[in-house]
2 protein chains.
Amino acid sequence: MDADAYLADHAARVDRFLDERLPPAGVPPEALHAAMRHLIFPGGKRLRPALAFAGCEAIGKVAAAAALPAAAAVELIHTYSLVHDDLPCMDDDALRRGRPTVHVAFGEAMAVLAGDALQAEAFAVLTAPGPVPAPDAVALTASRELAAAAGSRGLVGGQADDLACAEGTEDAALVESIHRRKTAALIAAAVVLGARFGGADADALTRLGRFGRRIGLAFQIADDLLDRDTDGASSYVRVRGEERSRARTEQLLGEALAEIDEWGERAEPLRELARFAVRRKQ
Amino acid sequence: MDADAYLADHAARVDRFLDERLPPAGVPPEALHAAMRHLIFPGGKRLRPALAFAGCEAIGKVAAAAALPAAAAVELIHTYSLVHDDLPCMDDDALRRGRPTVHVAFGEAMAVLAGDALQAEAFAVLTAPGPVPAPDAVALTASRELAAAAGSRGLVGGQADDLACAEGTEDAALVESIHRRKTAALIAAAVVLGARFGGADADALTRLGRFGRRIGLAFQIADDLLDRDTDGASSYVRVRGEERSRARTEQLLGEALAEIDEWGERAEPLRELARFAVRRKQ
């Protein structure tokens, strides 16, 4: 099992599903639908969808395709948050993944609306019947968990605090708190939702929640390590230094892997993705 | 039954529920939570929540309290859309209901984030267990319907087309199409979701969908009639004139009421709210 191959395979799967679910750019309102697709295709590594698939496989009960609604929904939330983060009133970024950001390509108003519609689409995808039938309780609870991860105590709350300390902070606990909400909440939701659609029991979901929150935090610290030249205001590396930051990612990775230590071969994709997320070189 | 009294009673009910569900302004991130509450309290007429309660009552099976999650969710979507519509890159409004808009009071970035979090909260409220137990299928289908009403083929799509014809349009069909999506989709969802939580069968839901879409469109034309001095770009009145606009609202009201003509006393609140929505003087 190789993380790169797993990511590539599963990116193709979620891309096909997203392409089927999102209205084509030719459907009115054309500009809105084109703006919604602009940052979805081509996408990034699709790490969150891959974690949803791997979370489903780690349960070992149903085919990974059962996780498609979860995989697509977390990617839609992630993408909407990037579209809004890039806005002039937020981070004011002109480029993302080497292409013009949505507000540069389509205007600011359309970028706000495209992000809004992508968030609605996440809940549309998650609550619609998926390719593998799931009990209503699974989709309903997954929707509740996604709403919590995306909301004011999760992703949006982390972004709000991140903006509030734009001048930089020396408070390592605050930086961790921002990372936990802005990044780790959705990454943990990806793993947990995928496992939920895979038929996970309560104990497995608890373990995967802890796994996902640790990997999510380590992923963001790894991001800070890769970005350290840019001197981000809420960078863990700026507050803790490179050596302690790297040690923290390895500690978190170890704790995460311990949660699923006895799960055998079926959890191997999840382990490989965890190592990739924390140790990647770009 | 008097629409004003029904609105006042049910506004108080949904306000209490929203106040319990939304994080207090003192919970971190304080500014975000204060910004989320800024346009929720004090609210407007709470017409959409009242329609959800009345939709539930019209089925006559369970107490109107069963509709609380639906009532709160549609109001949260409505409010988030107002917060984003008021942004400088959209309608650039400084005042709403006589108070500073969210971006004026909290800054533009916080207004974007508050709107985003309110949308997530709508789905959180709708997927959480309500005060009256409802089958999982009810909450799940309601969430799917709300996502559709809020998304790119509903509310956000209507807003995108509204912005696109900011210079004004002479195309009455386009104006109706914008009104149907920007306003009527969520108003119809309010009625249908309330009825769904009230245990409505498929036939009743179909009738209430048609009822809600007609009332929603008539409500927006009535709004254009009240606002006619402001010469809105997508105003039905500007395109059709006052007399034909007024006739259209009465036609729509009649068609809507015909859908529930034989429902007896239990549908009286719904009928009164429909008349109020279409004939109100402010």
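Me: What covers the buried residues of α2(A)?
Reply: The cover includes α5 (102-106) and α6 (108-127) of chain A. α8 (155-164) of chain B is also part of the cover. Helices here are DSSP runs (H or I, at least four residues), numbered from the N terminus.

Me: Which residues of α2(A) are buried?
Reply: In α2 (residues 30-38) of chain A, they are L32(A), H33(A), A35(A), M36(A) and H38(A). Buried means 20 or more other C-beta atoms within 10 Å of the residue's own, placed from the backbone.

Me: What kind of model is this?
Reply: A predicted one: local features need pLDDT of at least 70, side-chain atom pairs pLDDT 80 or more, while totals for chains, interfaces and linings use all residues. Residues are numbered from 1 along each chain as its sequence is written, with chains lettered from A and ligands numbered from 1 in the order written.

Me: How many residues does the contact take from each chain?
Reply: 43 residues from chain A and 43 residues from chain B. Contact means C-beta atoms, placed from the backbone, within 7 Å.

Me: Which elements of chain A give two or more residues to that side?
Reply: α2, α6, α7 (136-150) and α8 (155-164) of chain A. α6(A) gives the most, with 13 residues.

Me: New topic. What rotation superposes chain A on chain B?
Reply: One of 180 degrees, with 0.0 Å of shift along its axis and an RMSD of 0.0 Å. That is the relation of a two-fold axis.

Me: Why do the copies meet through the same surface?
Reply: Because 100% of the interface residues of chain A are also interface residues in chain B.

Key
A residue is buried if 20 or more other C-beta atoms lie within 10 Å of its own, exposed if 12 or fewer, and partly exposed in between; C-beta atoms are placed from the backbone. Two residues are in contact if their C-beta atoms, placed from the backbone, lie within 7 Å. Copies are superposed by least squares on the C-alpha atoms of residues with pLDDT of at least 70 in both.
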